[in-house]
Amino acid sequence: MNPRLDQPLRLGTRRSKLAMSQSGHVAEAVRAITGRPVELVEITTYGDVSREHLAQIGGTGVFVTALRDALLRGEVDFAVHSLKDLPTAQPDDLVIAAMPQREDARDALVARDGLTFEQLPDGARIGTGSPRRMAQLNHYARSLGKRIETVPIRGNVDTRIGFVRDGELDAVVLAAAGLNRIGRSDEATDLLSVDHVLPAPGQGALAVECLASDTDLIAALGKLDDPHTRAAVTAERSLLAALEAGCSAPVGAFADLLADGQIVNEMRLRGVVGTLDGSTLVQLSTTGPVPQSYDEAMALGRELADEMLAKGAAGLMGERA
């Protein structure tokens, strides 16, 4: 990190409204910690310009590669990613210096006429580009004795909500964290409980990444790190990696901390894999002491993945959207 305090730190970010908003929040926090100006450097990624569905263009990584390349070329000092976009393998020359406190990890429904999921009519058309959501939404509908049609969509928040406003779809499903970060949480008509729909591994969390060699910057950014968030998402991503699934496979995972009074003493990790039509889900959970290290969090994820594979998850993994 350049010791000159008037030298701006360059933060690499995607250009979307959501990415700019979440990067802006991180920039403010880094300014407060370092006393240095932070300038946002907008970078267009392949995932932003391609109109293909994520599963077809490679799933995780399509929003990340251009930001990482800019870091490695020295064009930016650090970058902010949505953690759920990061591939599970971490490059040796880059480090996630901070995972700030996680936003709401749940999925949000934006439906016509203020409807909740349970109020949607039989045959309702619900837009989502996520196989994970498709599998669980279809399963949730089946449990309510009704049928829905999941319609693949892409685009930013405005585009997706526009499908509902224009009457093309009855509802769309988005990450609650994204709506919260751009000040549009009031447009959600239902927040889907993790008891029915598990989020993507790392959903609602951010990753602040920089060069592994920049020890001063790593130390400064480390002050933004939330240990509970890091333990939870590390376990979730370990589960994902052990299932050998990118985001083109319908995998959900969520780790939450269980408190006894004021003392957090256990972590529960839940995982799900399913067929897109929701007819078959393998859903398991495990509870253990809150991981005190990276290795312990990784072990928790691997153990649950092994149990899911033993219960037949591997047979569902071959399905691609």
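Strands β1 (residues 9–13) and β2 (residues 38–42) run parallel and are joined by five bridges; two strands count as paired if DSSP finds at least two bridges between them. Look for Thr-13 if you want a landmark: its bridge partner in β2 is Glu-42.

## Ground rules

Residues are numbered from 1 along each chain as its sequence is written, and side-chain values use heavy atoms, with hydrogens and water left out. As this is a predicted model, local features need pLDDT of at least 70 and side-chain atom pairs count only at pLDDT 80 or more, while totals for chains, interfaces and linings use all residues.

## The five-stranded sheet

Further along sits an open sheet of five strands with mixed pairing, ordered β7-β6-β8-β5-β9. Its edges are β7 (148–151) and β9 (190–192), each with a single partner strand, so one side of each has no neighbour in the sheet. On average, neighbouring strands are turned by 30° against each other, direction ignored.

Strand β5 (residues 107–111) pairs with β9 in the antiparallel sense over three bridges, and Leu-109 has Asp-190 as its bridge partner in β9. β5 also pairs with β8, again antiparallel, over five bridges; there, Asp-107 has Ala-175 as its bridge partner. Five of the five residues of β5 are buried (under 20% relative accessible area; exposed is over 50%, partly exposed in between, with a 1.4 Å probe and protein chains only). Side chains in a regular strand alternate between the two faces of the sheet. In β5, Asp-107, Leu-109 and Ala-111 point one way, and Ala-108 and Val-110 the other.

## Helices across the sheet

Helix α5 (residues 131–143) lies across β5, β6 (124–127), β7, β8 (171–175) and β9, and runs at about 170° to β7. Helix α6 (residues 157–165) lies across β5 and β8, at about 155° to β8. Such angles run from 0 to 180 degrees between N-to-C directions, with axes being lines fitted to C-alpha atoms, for helices over the stretch in contact; contact means heavy atoms within 4.5 Å.

With 13 residues, α5 reaches 18 Å from first C-alpha to last, close to the 18 Å expected at 1.5 Å a residue (that is, 1.5 Å times one less than its number of residues). 10 of its 13 residues are buried, so α5 is largely enclosed by the rest of the structure. Among the buried ones are Arg-132, Arg-133, Met-134 and Tyr-140. After α5 comes Gly-145, with a positive phi near 75°.

## Two residues to look up

Most residues other than glycine have a negative phi. Asp-113 has a positive phi, near 60°, and its place is in the loop between β5 and β6. Asp-113 counts as exposed because its relative accessibility is 64%.

Thr-286, in strand β13 (residues 281–289), is buried, with a relative accessible area of 17%. Leaving aside residues up to four places away in sequence, Thr-286 touches Met-267, Arg-268, Leu-269, Leu-300 and Leu-304.

Technical notes. Helices (H or I, at least four residues) and strands (E, at least two) are DSSP runs, numbered from the N terminus.
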